[in-house]
Amino acid sequence: MNFYTVLEYIGMFLVFVGALFLFLGALGIFRLPDVYNRLQAGTKATTLGAFGAIIGIGLMRPEWLPKAILIAVFILMTNPISSHALARASYRRGIKLWDRSVVDRYGPYLREKEEKEGKR
Amino acid sequence: MIYYMAAAFLIAIGIYALMLKKNMIKMVIGLSLMDSGVNLLLISLGYINGGTAPILLNGVKPQEVVDPLPQALVLTNVVIGVSVTALALSVIIRVYKHYKTLNSDKVRDMKW
Amino acid sequence: MVNIDPTLMIGIPLFMGFLIPSVAIVWKNSPRYLAGFTILFNLIASTLLLIRSLNAPVISVLGGWQPPYGIVFVAGPLGSMLALLISSMTMLTWFYLPPHIKEGNETKFYMLFILLMAGATGMVLTGDLFNLFVFTEITSIASFSLLAYSRGKDEKEAVEATIKYMIIGSLSSAFFLIGIALLYGATGTLNMADLASKIPSANHNLVMMALAMIITGLGIEAEMFPLNGWTPDAYTGATHPVSVMFASVVVKAGFFALIRVVFLIFGAATEALQILMIFGLLTLFVGESSALRQTDLKRMLAYSSIGQMGLLLVAFSLNNQTALVGGLYAMLNHAIAKGLLFMAAGSFIFALGTRDISALNGMGKRMPVTSALFTIGAFSIMGLPFFGGFISKIVIIAGSMQAGTEGMLVAILILSASLIELVYFLRVVHRIWMREPEDDSRLKEAPFTQMFPMIVLAAFVFLMGIYPQAFFKVLIPAAQELLRGLGTMIGGA
Amino acid sequence: MIKKSIALILIAILFVAIFFTLANDLPFGDNRTTTGVSDKYIYHGVNDTGASNLVTAIVVNYRGFDTLGEVTVLFVAATGVGAVLYNMGRPAGKKRKKTEASLIVRTGSRILFPMMLLFGAYIFVHGHLTPGGGFQGGAVIATAFLFKYVSDTRYHIDHNKFTATESVVGMTFALVGIMGLLLTGYFLFNFLPNGSPGELLSAGIIPIIYVAIGIKVGAELTGILDNMMEVEQ
Amino acid sequence: MTAGNVSKYVYTAIILFLLWIVLTSTFFWEEILAGLVLSAMVAAMGYSLFTDKGLGNFSPKRLAYFLVYIPVFLWDVIKANLDVAYRVLSPKMPIKPGIVEIHTDLKSDIAKLGLANSITLTPGTLTLDIDDDRLFIHWIYVRTTDIKEASEEIGGKFERYMKVIFE
Amino acid sequence: MTFWIVCSGIVLVAVFLATVRAIAGPTVSDRLVAVDALTTITVALMVILGFIYGREIYLDVALVYAVLAFMGVLIVARYMEGGL
């Protein structure tokens with residue numbers, strides 16, 4: 001049991017967990033009721049899944065590790081931006097929240113802002 | 001084999017969109033689809049069983065790579081496709097400015 | 001003798017095309033002169049090339065990789081003759097340009113203009129099938145852009161024509177590429193000479209399929225019958241100099257590419273030529289009879305152009321030396337005379353402000369010089385004696401006589417098509433000279449820069465009618481080159 | 001209706017023809033039966049050109065002229081888009097009001113923009129070693145500029161600078177070709193030493209050409225984007 | 001607050017050069033040379049916007065906090081992920097979504113970006129919009145609608161780190 | 001080998017579920033969310049594929065794909081809110 005074998009087993013574990021999270025994310029996208037909840041499950045779980053898988057591969061092939069980390073970090077930086085933009089755009093497009101949502105503080109804020117700009 | 005099927009299918013869909021769709025944007029999409037079909041066809045022409053990408057690094061042997069020439073051709077064709085699409089879209093912007101519609105039937109004042 | 005490598009005829013225009021925009025930032029009028037310089041260079045280079053290629057084909061290997069591995073430029077007599085035709089027509093059109101392109105962005109126009117020339121030159125000189133495709137694309141994308149360039153009154157028609165042309169043109173290029181892909185799959189090579197030697201042993205089905213695809217693809221550029229829907233609109237909507245370029249450069253290069261590939265793949269003489277002949281005859285009649293019905297001057301010229309392309313197809317598909325010489329002669333004559341006609345028509349329309357034929361009444365009195373030039377062009381296309389068209393038609397008919405009874409039929413059909421031509425051109429000429437003008441005011445003749453190219457072209461039309469031997473000296477080796485199958489010649493590399 | 005069905009039948013015939021010709025006469029994935037030209041590329045490519053990536057070897061060296069044509073096609077298209085959309089901007093009064101991007105996207109673009117540029121540069125510099133190349137790298141660079149456009153509705157490129165850059169790199173490409181002609185008699189001849197395959201400074205003129213192409217493609221695609229955006233503004 | 005241009009430029013170039021080293025993952029001198037040239041060129045194009053602090057970002061305290069932040073953050077992400085996984089998998093789907101508002105004390109844009117991204121990456125919460133100090137968060141299981149409590153619950157921990165790292 | 005088959009089986013199911021949402025999803029945003037998740041999955045898959053084939057070049061492809069896919073989603077999102 002040398003160091004590299006250990007790394008390889010950790011890597012395999014991470015890849016497996018990553019694949020599992022990818023699956024969970026997709027399941028979330030499939031099951032959850034509205035766009036915002038789907039975004040919650042979908043992009044976040046898949047990001048973690050991809051992160052795990054990529055780092056896992058990096059551990060299994062140590063010479064790839066720097067580039068793998070780079071890809072993983074890049075995904076970690078860009079995915080929240082795109083999912084945020086998506087959520088914001090959906091809301092401004094008028095896509096409704098799920099009817100059993102408990103609270104909506106954003107809608108009033110937007111209306112208020114529009115009124116302010118309308119007056120100006 | 002399924003690649004050939006897909007390539008032929010993409011080409012057929014592209015031509016369908018070009019001939020029968022009314023919306024000019026959809027025609028341009030058909031154009032791109034057809035281009036993809038042709039590219040897929042070229043790429044699959046060069047494939048050999050068990051081949052890998054033609055980059056001879058890390059001990060890859062010449063015997064096991066796929067034919068690189070079709071890939072080079074595809075590279076060229078992709079760029080050409082992009083150019084045509086960009087130009088087509090800008091022409092459509094001008095058409096829209098004059099006719100206020102994207103429906104190709106309404107644009108045809110003149111006979112074919 | 002100075003040797004100018006044929007690749008420079010592509011390299012220099014590209015270099016200048018890249019140079020022009022940055023020079024234009026500092027010196028606003030430079031594009032015109034830089035473009036003129038480039039065209040002049042190409043004109044000189046192609047003249048030298050023609051002289052050299054009469055002795056032996058000039059072969060230029062690109063990147064130092066011997067064919068079939070690299071790309072090769074092959075300038076036989078035929079190719080260099082077309083290159084000369086392209087560069088000289090571009091030069092003359094360059095003189096004709098100024099008042100017609102005021103409205104748009106002139107810098108970009110000149111860039112596109114010289115790149116169009118470079119693309120067409122590449123199309124006639126290259127010896128590699130995929131390279132031919134790339135140059136076809138350069139040419140067609142440049143012509144799409146030039147077509148959409150026109151502003152003002154014609155703008156609406158021009159953009160509409162552009163979108164049609166683009167969609168048909170892109171369809172054609174996709175077909176062409178499928179054909180190339182199939183040929184590559186069948187033979188494993190892209191070099192034309194290599195292809196010619198490998199095709200006889202290649203899979204027949206694949207080759208036939210590829211041929212069908214390539215004929216469809218290039219037939220669109222060459223205005224073949226069912227595929228020529230774009231032509232009239234394009235000619236009508238474009239600014240006048242661009243119409244000239246279409247008629248005498250773009251279409252000729254496309255036609256030459258078609259002929260080259262067909263003759264190459266079959267080494268000549270098979271059933272494919274029969275099919276081409278049928279399509280050629282159809283094109284001829286559809287074109288001429290549609291021209292008869294037009295009331296729009298440029299549209300009429302466009303349909304007449306389609307008819308002439310049909311005539312060329314027929315001549316080439318007859319596949320004997322006489323007919324080929326006639327076809328090549330007709331090609332030259334059509335490029336020159338139709339260029340002249342479009343220029344004169346452009347001057348008329350520029351002065352009158354309308355494209356309607358009925359407005360031409362009495363133009364002979366209002367713009368005598370332009371009218372005379374127009375008449376010369378029309379006579380040549382009609383095929384009256386002492387004009388270039390006469391010789392070409394006579395030679396084609398002589399060629400068809402050699403092809404037996406079938407050829408007789410073809411000859412009769414060509415003659416009857418010429419009759420239709422005679423009718424509609426005479427109608428216009430009659431209006432110009434015989435009718436009384438509604439408005440007696442004399443219109444201003446076009447300025448000398450515009451008159452000059454027209455006079456040069458008219459002189460050539462006369463020269464072709466009176467002294468054809470000079471041209472035959474080039475055309476006969478060219479025809480022989482085609483008949484031998486281009487393959488054997490390129491194989492000499 | 002009749003027209004439509006005729007068209008459909010034609011398309012179906014085309015589909016069947018293409019598919020069966022291919023399936024019967026060119027079995028998929030067969031080992032190379034014909035002794036085509038690509039054998040030379042595969043077996044001698046690395047020695048001939050010094051590029052490990054055979055596609056790059058073909059694109060830039062064996063068939064470099066195609067690539068020059070390809071760059072020209074893109075150049076013509078960019079020029080054409082400029083000419084077609086010339087003077088098409090909306091009149092000042094009719095400008096559409098645009099939603100500003102949120103702070104997150106704006107700040108994200110500030111940070112990611114230089115990184116994307118560097119990725120693009122990495123890709124075209126390593127064109128002879130990795131699957132990258134001038135066009136791919138140029139596309140990534142254009143994407144970086146696109147990010148700028150997306151995140152800021154008022155963003156604009158400096159036209160003169162872009163035009164000048166484009167001209168200079170385009171002329172570099174053409175000059176490399178002409179230099180080859182002057183030095184050896186072959187246009188686009190590889191007149192630099194090949195070096196040892198696998199290193200950055202190898203493969204003769206390929207890196208130079210790919211850097212030129214990368215910058216040029218990036219500038220051109222950005223120019224196309226800019227033209228299209230301008231029409232909207 | 002903001003650093004001088006030189007400092008910004010040098011900082012950008014250094015970061016880009018590090019990025020280049022990671023990308024190529026070699027120390028071959030040709031690669032290093034190319035990396036230096038390219039990062040100098042690219043930095044010239046984007047340095048003015050890339051950073052507010054310039055070289056100040058390299059202060060040991062910030063780096064230390066940054067290094068500590070990574071495991072903390074990852075642990076949080078994993079925890080929250082398991083929570084969401086449970087909600088997705090359980091047949092009843094125990095979710096109670098809603099949009100709440102939270103406030104932040106952070107001033108610089110980059111810090112706000114870091115906070116918003118951290119919040120978004122933690123499953124269960126998603127930044128919808130930012131306006132000055134107000135963040136709108138879509139929460140998959142709303143525990144409280146009070147601004148103060150929600151701020152602490154969702155972003156409190158991240159905010160403390162962000163404050164040191166980026167401000 | 002079994003390990004990889006299991007992993008790819010799981011990912012395949014994920015791809016399938018996301019595709020179903022991309023086709024069915026009632027609004028544009030739903031489809032877009034699914035596509036966004038699919039691109040992330042694709043990036044991960046490319047890295048895994050690179051490992052299986054033992055070729056580092058797949059990492060470069062994955063990187064470029066990540067950049068381009070991110071911009072794609074962002075652009076559509078900005079278009080939806082009327083920012084282009």
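These notes cover salt bridges, helices and surface patches in a predicted model.

1. Salt bridges overall. Across all chains, the search of the whole structure gives 13 salt bridges.

2. D:Arg63 and C:Asp128 make a salt bridge, with 2.7 Å between the closest N and O atoms. The pair joins two chains, because D:Arg63 sits in the loop between helix 3 (54-62) and helix 4 of chain D, while C:Asp128 sits in the loop between helix 4 (106-125) and helix 5 (129-147) of chain C. Both partners are covered: D:Arg63 has a relative accessible area of 3% and is buried, and C:Asp128 is buried at 0%.

3. D:Asp66 has a relative accessibility of 2%, so it counts as buried.

4. C:Asp233 forms a salt bridge with C:Arg299, the closest N and O atoms lying 3.1 Å apart. This pair links distant parts of the chain, 66 residues apart: C:Asp233 belongs to helix 9 (residues 230-237) and C:Arg299 to helix 12 (residues 297-318) of chain C. C:Asp233 and C:Arg299 are buried. Together with C:Glu160 and C:Lys164, they are linked in a network of salt bridges.

5. Helix 4 of chain D. This helix takes in residues 64-84, and its end C-alpha atoms are 30 Å apart; that agrees with the 30 Å its 21 residues should span at 1.5 Å a residue. As for cover, 21 of the 21 residues in helix 4 of chain D are buried.

6. Helix 3 of chain B. Residues 68-99 make up this helix, and its 32 residues should span 46 Å at 1.5 Å a residue; the end C-alpha atoms are 46 Å apart, in agreement. Helix 3 of chain B is mostly covered, with 24 of its 32 residues buried. After the helix comes B:Lys100, which has a positive phi, near 60°.

7. Negative patch on chain A. Four glutamates, A:Glu112, A:Glu114, A:Glu115 and A:Glu117, gather on the surface as a patch of negative charge. One of them, A:Glu115, is part of helix 4 (residues 106-119) of chain A. A:Glu115 counts as exposed because its relative accessibility is 56%, and the cut-off for that class is over 50%.

8. Nonpolar patch on chain C. The surface carries a nonpolar patch formed by C:Phe386, C:Phe460, C:Phe462, C:Leu463, C:Ile466 and C:Tyr467, with about 620 Å² of accessible area together. Among them, C:Leu463 lies in helix 18 (residues 448-466) of chain C. The relative accessibility of C:Leu463 is 39%, so this leucine counts as partly exposed.

9. Helix 1 of chain D. D:Asn24 is found in helix 1 (residues 2-25) of chain D. With a relative accessible area of 56%, D:Asn24 is exposed. Between the C-alpha atoms of D:Asn24 and D:Ala51 there are 36 Å, the two residues being 27 residues apart along the chain.

Technical notes
Residues numbered from 1 in each chain as written. Chains lettered and ligands numbered in written order. Predicted model: local features only at pLDDT ≥ 70, side-chain atom pairs only at ≥ 80, totals over all residues. Heavy atoms only, no water. Patch = residues over 30% accessible without salt bridge, like charges linked within 9 Å, V, L, I, M, F, W, Y side chains within 5 Å. Areas by Shrake-Rupley, 256 points an atom, 1.4 Å probe, with all protein chains shown as cover. Salt bridge = Lys/Arg side-chain N within 4 Å of Asp/Glu carboxyl O. Lys, Arg positive; Asp, Glu negative; His and termini not counted. Charge placed at Lys NZ, Arg CZ, Asp CG, Glu CD. Helix = DSSP H or I, 4+ residues; strand = E, 2+ residues; numbered from the N terminus. Buried < 20%, exposed > 50% of the residue type's maximum accessible area, 1.4 Å probe, protein only. Expected span 1.5 Å × (residues − 1).
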